[in-house]
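Okay, thanks everyone. I'll walk you through one model today, starting with the core and then moving on to charges and strands.

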Amino acid sequence: MENHRGRRDHPSRAIVGGESVMVARAATAVDGRTDPPLISGRPVPIATDELRFHIGEHFRRAGLTLTEPAFLDGVPIPFGVAEPEEPYRAPLVASPWSNQTYRAS
């Protein structure tokens with residue numbers, strides 16, 4: 001969700017990994033989701049990982065003039081997986097100056 005313009009239009013790169021190891025890389029669709037999920041076809045490991053959304057690229061493509069360096073460019077979201085059989089979604093609500101995430105079902 002892009003809260004700068006108040007709509008579900010957040011195509012950006014998303015990378016998941018931990019300990020500086022990239023596990024997956026994808027571009028989000030217009031609805032903000034990756035298709036297929038970043039980790040699919042195998043169990044999600046019990047671990048602490050990090051999603052990183054490159055929102056600066058998105059806002060620049062949308063025509064916003066950002067400072068250099070941008071206040072928020074690559075937004076890290078650390079998260080833990082304790083129950084690998086459960087679905088994990090971490091939506092990002094962002095503007096060039098703020099971000100929020102939560103665990104969604």
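Predicted model: local features only at pLDDT ≥ 70, side-chain atom pairs only at ≥ 80, totals over all residues.

So, the core. The largest nonpolar core has 12 residues in all: L51, F53, I55, F59, L64, L66, A70, L72, V75, I77, L92 and A94. By nonpolar core I mean a set of buried Ala, Val, Leu, Ile, Met, Phe, Trp, Tyr and Cys residues joined through side-chain atoms within 4.5 Å. Buried is under 20% relative accessible area, exposed is over 50%, and partly exposed is in between, with a 1.4 Å probe and protein chains only. Two or more residues of this core come from each of strand 3 (47-54), helix 1, strand 4 and strand 5. Helices (H or I, at least four residues) and strands (E, at least two) are DSSP runs, numbered from the N terminus.

Residues are numbered from 1 along each chain as its sequence is written, and side-chain values use heavy atoms, with hydrogens and water left out.

Now the charges. How many salt bridges do we get? The count comes to 3, taking a salt bridge as a side-chain nitrogen of Lys or Arg within 4 Å of a carboxyl oxygen of Asp or Glu.

One of them pairs E50 with R52, at 3.2 Å from N to O. E50 is partly exposed at 30% relative accessibility, and R52 is partly exposed too, at 29%.

Then have a look at R60, which is partly exposed at 31%. R60 bridges to E68, with the closest N and O atoms 3.3 Å apart, and E68 is exposed, at 64%. R60 also bridges to D73, and there the closest N and O atoms are 3.4 Å apart. D73 is partly exposed, at 30%. Put together, R60, E68 and D73 make a network of salt bridges.

Last stop, the strands. Strand 5 (residues 92-95) and strand 6 (residues 98-101) run antiparallel, joined by 4 bridges; the rule for pairing is at least two DSSP bridges between two strands. V93, for instance, has Q100 in strand 6 as its bridge partner.
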